[in-house]
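Dear colleague,

I am handing over the structure below and would ask you to keep it open while you read.

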Number of protein chains: 2
Amino acid sequence: MDIKEVAYLAKKASIKLAATGTELKNKALMEIARLLELRKEEIFKANREDLKRSEEENLAAPLIKRLKFDENKLSEVISGINSLINLPDPVGKTLASTELDEGLELYKVSCPIGVIGVIFESRPDALVQISTLCLKSGNSVLLKGGKEAINTNRILTDIIKTATENTGIPSGWIQLLETRDDVNEMLKMDEYIDLIIPRGSNEFVRYIMENSNIAVLGHADGICHCYVDSGADLNMAVKIVVDSKTQYVAVCNATETLLVHKDVAKEFLPMLKEEMDKKNVEIVGCERTREIIEVTPASEEDWKTEYLDYKLSIKIVDSVEEAIDHINTYGSGHTDSIISNNKENVELFMNLVDSGNVFWNCSTRFSDGFRYGFGAEVGISTNKIHARGPVGLDGLVIYKYKLVGNGHIVADYANKTRSFTHKKINKDFKL
Amino acid sequence: MDIKEVAYLAKKASIKLAATGTELKNKALMEIARLLELRKEEIFKANREDLKRSEEENLAAPLIKRLKFDENKLSEVISGINSLINLPDPVGKTLASTELDEGLELYKVSCPIGVIGVIFESRPDALVQISTLCLKSGNSVLLKGGKEAINTNRILTDIIKTATENTGIPSGWIQLLETRDDVNEMLKMDEYIDLIIPRGSNEFVRYIMENSNIAVLGHADGICHCYVDSGADLNMAVKIVVDSKTQYVAVCNATETLLVHKDVAKEFLPMLKEEMDKKNVEIVGCERTREIIEVTPASEEDWKTEYLDYKLSIKIVDSVEEAIDHINTYGSGHTDSIISNNKENVELFMNLVDSGNVFWNCSTRFSDGFRYGFGAEVGISTNKIHARGPVGLDGLVIYKYKLVGNGHIVADYANKTRSFTHKKINKDFKL
């Protein structure tokens, strides 16, 4: 089958899937969890093949680590499916209801988006996670994994296909693509694919975003900031900056640049450096920073860099406005935190910093779907439309308007025989 | 100024505009209305020049008609601004609030999208309408109108600029682009422009959609259907189909194709034809239709055509499933109506027809922001993300997450010193 046909079948299946009830979708999720456990030896064997081949091909160590699918990964994946089963169905919710006129009622009802294209790098657990999220939200999914994980991805897809088709989910809803050419075809297929979710490195995500007409949900960079304001509690600030930078460095919501108000820099920077030295964090700083603590110079390039490592850049600013301006210029619209006791500055910061997540007196590391209480996470989006910040299941649905009448025609309103009432009603859609 | 600089300034202004209060935005809207009235002779004079030149250049009559900006248009535009002033501000609404832990509160708060690019053809009133919608929702706007309206657009932009800058709205928030090259530059400027709204012909909108990485809000075609089911009240069906087709033929929500269940076709089609003949509607039909009423044959091309005229295509189908399948194959995802007394079929139709608006026993002509009670309309979207169907002011905002803590760090949750409460709280965001 060529990819156009695959995408066409996914679209066909998505229509039926949109009308599939919660119970059946949950039953299918349970069956996926059951088959994953039942056929785990097949998965591990395929994964060992992928690992062996990748080692022979000298794949980088962090990629090898992400490629691994063992008992631990399996139990994580299964517990993810179990919590997904317990989440409310995002489809079929009445979001608004209005009486337009007597007997003419308008309902805005959530529904699946349609076909989601997912492109991910080495982690095969992402395949299970994202396809079960798509199933719960009633979307078809086209998956393209890295070639290093090809055997693991094939067996995982086969398990999910078998489990769902056995349960009565329309076939064709999940499809695995295998070649790089397929990805480039996929990026052009706006006739059938409604949304693309890329999971992987910054360069990879940027490539996808720049090469498709289809909407992309995700983020390339995560250049997050802490700003320590003049009135800040400096002990609290040290604690928050250390956590934001070092609690887990390899993630998008870790802080990369620290901005410090000039009035507190002299007292604060030595306090911070002492703690950062304990964690072996390399610091680069602007000229004014280097007058206070001994660090190597930062260049403009540093303000644009996501280190994902034990490294922090520091800049001293004259005002909250300069901090905001720096963040809006060099940041990536992900997560930025102000540490301050001055409410006016906090308000300015939270309103003017153009990021999906703006924090006050807490660590940037909190911006995450699970910590936000979403139960499941589709990803973190730096988009300005549809869904922003950590995205839960709600990011995989849209809505349609359902209008129920009884012979109503527009001519009657145009010639003023009838007029609209536009009364809010609090009613769920039901025929 | 080159367009990159213009876009950069619009982005800069959008940051400040995002924090501009309702009162100031409404004051600016009032000032726009006042200056439009005050300087109307300048507008009419500029418009007469545009009309004269366009007539000399033999611009098509419907375009000339849309280009005209006279007392009537002015009063429409001003009454639009007045109702916009009375609408609630879509910015700053708390959409959800959760206590993550004691003293750590998460708020999802609506905010402007940023910079909207608007591209429209001859109608200069669209310039006022869309820029005031952007102002109310706190967005900067880059406008590109048709060259036939250049003088009218210049004076309208100047009035809006003057009125808003006088009131204290950040300058640079509204900018007029004038050349075709500017449009092509604009379509590439995803660094500064967050959303594009095209207003114009199908070909025009399709060109924009196919040539930009930036998200586009709108619709190209409006190929809407009525489906008369086997159990339908045939008198009601005639009334609805006549209204859907003929109440106003030149609009996107007018019906283009009628689908009729085979069991009622013999009785229904002659009834319908009688009424359609009175309105001089040309009918083309499938072979089975032509066995019942005397009409010219329809080709496959007809199912894909938006006539925007007194012309209707008719196809007889064997089942509601075939009707759904036809609509999902040839429709444009805009508006489709079923006329039926069979609830099961209605449910199937409303769930499986993949359109932004699915109707039961009423005219397709109802799908419109004003009829839906939105007060203002940004446009009608056939997108599957962000906003679908008629889009009101809400389509011009997104949200950000604001997290308020008191020294909270993630390490405490990772090492289980603390745990999340994830309690819904019903609180508006306030510092």
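Helices (H or I, at least four residues) and strands (E, at least two) are taken here as DSSP runs and are numbered from the N terminus. In those terms, Tyr307(A) sits in the loop that runs between helix H13 (300-303) and strand E11 (311-317) of chain A.

Before going further, please note that this is a predicted model, in which local features need pLDDT of at least 70 and side-chain atom pairs count only at pLDDT 80 or more, while totals for chains, interfaces and linings use all residues. Residues are numbered from 1 along each chain as its sequence is written, chains are lettered from A and ligands numbered from 1 in the order in which they are written, and side-chain values use heavy atoms, with hydrogens and water left out.

Chain A as a whole

Chain A has 16 helices and 17 strands, and its C-alpha atoms fill a box of roughly 75 × 70 × 35 Å along the principal axes. Of its 431 residues, 61% count as buried, where buried means under 20% relative accessible area, exposed means over 50%, and partly exposed lies in between (1.4 Å probe, protein chains only). If contact is taken as heavy atoms within 4.5 Å, then among the contacts in chain A between residues at least 6 apart in sequence, 72% join residues at least 24 apart.

Leaving aside residues up to four places away in sequence, Tyr307(A) touches Lys245(A), Glu256(A), Val284(A), Asp302(A), Leu312(A) and Ser313(A). With Asp302(A), the side chain of Tyr307(A) makes a polar contact of 2.6 Å; a polar contact is a pair of N or O atoms within 3.5 Å, of which, within protein, one must be able to donate a hydrogen and the other to accept it, and residues adjacent in sequence count only if both atoms are side-chain atoms.

In chain B, Leu308(B) is found in the loop between helix H13 (300-303) and strand E11 (311-317). Leu308(B) has a phi near 55 degrees, a positive value in a residue other than glycine, and is partly exposed, with a relative accessible area of 31%. Lys416(A), in the loop between helix H16 (411-414) and strand E17 (423-424) of chain A, likewise has a positive phi, near 65 degrees, and counts as exposed at 70% relative accessibility.

How the two chains are arranged

Chain B can be laid on chain A with an RMSD of 0.0 Å by a turn of 180 degrees and a shift of 0.0 Å along the axis, and that is the relation of a two-fold axis. The superposition is by least squares on the C-alpha atoms of residues with pLDDT of at least 70 in both copies. Of the residues of chain B, His386(B) comes closest to the rotation axis, its C-alpha lying 1.9 Å from it.

Between the chains, 77 residues of chain B are in contact with 77 residues of chain A. Since 100% of the interface residues of chain B are also interface residues in chain A, the copies meet through the same surface. Together they bury about 6,500 Å², 61% of it on carbon and sulfur atoms, buried area being the accessible area (1.4 Å probe) that two parts lose on being put together, summed over both. Ile385(B), Tyr401(B) and Leu431(B) supply 11% of the area that chain B buries against chain A, more than any other three residues.

There are six salt bridges between chain B and chain A, a salt bridge being a side-chain nitrogen of Lys or Arg within 4 Å of a carboxyl oxygen of Asp or Glu. Lys12(B) forms a salt bridge with Asp325(A), with the closest N and O atoms 3.2 Å apart.

A lysine at the interface

Lys402(B) lies in strand E16 (residues 397-408) of chain B. Lys402(B) is buried yet has no salt bridge, and the nearest side chain of opposite charge, Glu347(A), is 6.7 Å away; for charge, Lys and Arg count as positive and Asp and Glu as negative, while His and the chain ends are not counted. A polar contact of 3.0 Å does join the side chains of Lys402(B) and Asn351(A).
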